[in-house]
Amino acid sequence: MLSLNESLNDKEPAVFEDYVVWSSSGNIVLYDLSNEIFLNVTSDDWWKEDADIFDRKIVWVGYEPDAQIYGCDIRRNGSPGGCFLKDRKLKMTNDFSLKVEPVIYEDFIFWSQHDGNDFEVFGCDISKNGLLGGCLEDDAKIQITYNDYNDGSIDVFVRYVTWESYVNDWDIYY
């Protein structure tokens, strides 16, 4: 068992190679399986959840106080964008709307975001930071879906993004 602490809220694990990341009592925790090392990625009073990991990049939703997408890269530990507690994390969004369940594959990040009516699929590409579609806080993100239905449970692999949407019944889209 990885979560041997007193937390009653260890949930939503994600794994990539030797790394496991999850939400623990409102903060993000990383465990390096090969070196048997725990790393607290975050540790403050604001709630965080929905962590995902690909390669050495971690993304999650942080409620500080509104829902925003955050991330860090283990390769940048000890500098801005790193995953050590004192490292400044990358804030990817800044608009006031509920965001949930981010997923990451290579440099692509997707999440469900409430557009005032329902949840739509949004995304960004880290390799385009500073440009349209980049993942920096002030970059314009790409809206994938435009409909009147709740779109969620996103997954991504290579060039495919899938999600479920409720239109009289739950269906799968890409």
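Me: Which residue does a disulfide join to C124?
Reply: In this predicted model, C124 is joined by a disulfide to C135, with an S to S distance of 2.1 Å.

Me: Where in the chain do C124 and C135 sit?
Reply: C124 lies in strand β11, which covers residues 119–125, while C135 belongs to the loop between β11 and β12 (142–143), and the pair, 11 residues apart, links distant parts of the chain.

Me: And are C124 and C135 buried or exposed?
Reply: Both C124 and C135 are buried.

Me: What about the handedness of the C124 and C135 link?
Reply: That link is right-handed, with 105 degrees about the S-S bond.

Me: Stepping back, how many disulfides does the structure hold?
Reply: There are two disulfides in the structure, and C72 and C83 form one of them, with their sulfur atoms 2.2 Å apart.

Me: Where are C72 and C83 placed?
Reply: C72 is found in strand β7 (residues 67–73) and C83 in the loop between β7 and β8 (90–91), so that this pair also links distant parts of the chain, its cysteines being 11 residues apart; both C72 and C83 are buried.

Me: Why is the disulfide of C72 and C83 called right-handed?
Reply: Because the torsion about its S-S bond is about 100 degrees, the disulfide of C72 and C83 is right-handed.

Me: Last one: what pattern do the disulfides of the protein chain follow?
Reply: Counting the bonded cysteines along the chain, the pattern is 1-2, 3-4.

Notes
Residues are numbered from 1 along each chain as its sequence is written. This is a predicted model: local features need pLDDT of at least 70, side-chain atom pairs count only at pLDDT 80 or more; totals for chains, interfaces and linings use all residues. Side-chain values use heavy atoms; hydrogens and water are left out. A disulfide is a pair of cysteine sulfur atoms within 2.5 Å. Helices (H or I, at least four residues) and strands (E, at least two) are DSSP runs, numbered from the N terminus. Buried means under 20% relative accessible area, exposed over 50%, partly exposed in between (1.4 Å probe, protein chains only).
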